[in-house]
Amino acid sequence: MNARRILVLGASGTIGRAVVRSLLDHGHDVVCLVRPPAAFAHGSRHNPDAVPAHAPRDVPETALAGADIRYGLATDPASLREHGLRGERFDALISCLASRTGAPADAWRIDYQAHVDALSVAREAGMGHMVLLSAICVQKPLLAFQQAKLAFERKLIDSGLCYSIVRPTAFFKSLSGQIERIRAGKPFLMFGNGELTRCKPVSDSDLADYLVRCLTDPTLQNRVLPIGGPGPALTPREQGETLFRLLGREPRFRSVPVAMLDAIYMGLSAAGWLIPALRQKAELAKIGRYYATESMLVLDPVSGCYDADATPSTGSDTLAAYYEAVLDGRAAAPDLREHAVF
Ligand SMILES: NC(=O)c1ccc[n+]([C@@H]2O[C@H](COP(=O)([O-])OP(=O)(O)OC[C@H]3O[C@@H](n4cnc5c(N)ncnc54)[C@H](OP(=O)(O)O)[C@@H]3O)[C@@H](O)[C@H]2O)c1
């Protein structure tokens with residue numbers, strides 16, 4: 001085993017935490033730069049870098065136990081240098097940093113600018129490799145956060161630094177928004193006939209192991225890496241059927257027209273001219289529409305079709321086993337917040 005010294009950004013997020021666990025399991029030396037607790041950051045609604053009220057502040061000490069946790073602002077290069085690197089040597093940077101809202105201004109500030117600054121600090125500090133958690137949906141960049149991510153991907157590729165750009169399909173948490181309503185006896189909500197999209201769900205820990213493998217596997221370096229979990233691609237209808245089967249109930253579905261999201265988007269966009277706060281909500285409706293109609297699979301650039309067979313797999317965790325674990329209490333229900341459309 002070739003232990004490395006790694007700086008992790010976004011370590012307090014879902015995948016960041018799993019990456020830190022995987023790095024430690026593989027014997028690496030891990031330093032995390034996390035946002036200071038709200039009081040320390042003068043946390044107020046007017047400070048975009050303060051910890052948002054909904055952020056899981058149980059974080060660092062418990063979830064990142066075993067790593068060297070340092071408080072600072074990943075959005076500020078001076079803080080990154082002073083509080084994160086502290087003039088020390090690191091082999092690589094792994095970033096799981098991402099806008100928590102996907103709202104355009106936040107996305108450009110976090111997914112693009114914070115990464116541009118982090119890349120420059122990493123290079124100046126002599127790091128040899130950057131592993132970036134991106135998203136498969138940047139293949140068809142219709143949303144501001146996708147454009148911001150793609151713009152940074154290009155910067156990283158052009159930088160000359162060794163890179164691994166990991167573009168996962170769908171996380172389990174994003175496919176778990178309806179567990180409680182099904183358990184409560186309600187029907188599964190789906191857009192159209194529930195077969196408009198497909199994805200290859202990947203677990204946090206399988207994805208984290210893959211990101212960590214990028215450090216040592218040359219076949220995962222200087223590459224853009226779309227990646228999904230094991231097994232066939234699943235439609236929303238199949239996800240619902242799995243939940244009903246695990247609960248021993250007859251499947252019940254309710255179809256929601258995609259046009260409803262269009263109407264919400266148009267209404268909020270129009271109202272946004274008068275009430276700027278509604279523009280952000282309009283972007284969220286646009287994000288919801290995107291995921292209601294676009295598959296999270298490799299997109300064939302020639303045919304314009306999504307291709308499950310061309311989407312690589314990693315790991316062994318299945319969504320069905322995860323649903324089962326949540327239903328019988330072995331796994332905690334995911335913290336959904338802004339990730340759930342339903
Ligand atoms: N959900 C899916 O199905 C899916 C699928 C494919 C790809 N992805 C991509 O995966 C990525 C990460 O996902 P995730 O679920 O792990 O994200 P997450 O749980 O929302 O975590 C985001 C991380 O970024 C940090 N962060 C956000 N804004 C910050 C700011 N202003 N200053 C400092 N730190 C900030 C957060 O810190 P705090 O804890 O302090 O807020 C947290 O550590 C995203 O790029 C997403 O597009 C998601």
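1. In this note, Ala, Val, Leu, Ile, Met, Phe, Trp, Tyr, Cys and Pro count as nonpolar, Asp, Glu, Lys and Arg as charged, and the others, Gly among them, as polar. On this basis, the residues of the shell around the ligand divide into 13 nonpolar, nine polar and three charged. Ser12, Gly13, Ala98, Ala135 and Ser174 come nearest among the 25 residues around the ligand; a residue is near a molecule if its C-beta atom, placed from the backbone, lies within 6 Å of it. Helix H1 (residues 14–25) supplies the largest share of this shell, three residues.

2. The model is predicted: local features need pLDDT of at least 70, side-chain atom pairs count only at pLDDT 80 or more, and totals for chains, interfaces and linings use all residues. Residues are numbered from 1 along each chain as its sequence is written. Helices (H or I, at least four residues) and strands (E, at least two) are DSSP runs, numbered from the N terminus.

3. The sheet may be considered next. Seven strands form an open sheet with parallel pairing, in the order S3-S2-S1-S4-S5-S6-S8; two strands pair if DSSP finds at least two bridges between them. S3 and strand S8 (223–227) stand at the edges with a single partner strand each, so one side of each has no neighbour in the sheet. From one strand to the next, the twist averages 20°; axes are lines fitted to C-alpha atoms, for helices over the stretch in contact, and angles run from 0 to 180 degrees between N-to-C directions.

4. Two strand pairs illustrate the pairing. Strand S4 (residues 92–95) and strand S5 (residues 129–133) pair in the parallel sense over four bridges, and Ala92 stands opposite His129 in S5. Helix H5 (residues 144–159) packs on the sheet, where it touches S5 and strand S6 (162–168); the direction of H5 makes about 155° with that of S6. Strand S1 (residues 5–9) and strand S2 (residues 29–34) are joined in the parallel sense by five bridges, with Val8 opposite Cys32 in S2.

5. Burial is described by a count: a residue is buried if 20 or more other C-beta atoms lie within 10 Å of its own, exposed if 12 or fewer, and partly exposed in between, with C-beta atoms placed from the backbone. Four of the five residues of S1 are buried. In helix H7 (residues 204–213), seven of the ten residues are buried, including Asp204, Asp206 and Tyr210. The buried residues of H7 pack against H1, S4, S5, S6 and S8; two residues are in contact if their C-beta atoms, placed from the backbone, lie within 7 Å.

6. Which residues of helix H11 (residues 319–327) are buried? They are Leu319, Tyr322 and Tyr323. These residues cover an arc of only 100° around the axis, which puts them on the same side of H11; the arc is that of the directions from the helix axis to the C-beta atoms. The buried residues of H11 pack against helix H6 (179–183) and helix H8 (236–247). Gly329, whose phi is positive, near 85°, follows H11.

7. Leu73, in the loop between strand S3 (68–71) and helix H3 (77–85), is buried, with 20 other C-beta atoms within 10 Å. Gly228 lies in the loop between S8 and H8 and counts as buried with 26 C-beta neighbours inside 10 Å. Leaving aside residues up to four places away in sequence, Gly228 touches Thr169, Lys200, Val202, Thr311, Pro312 and Ser313.
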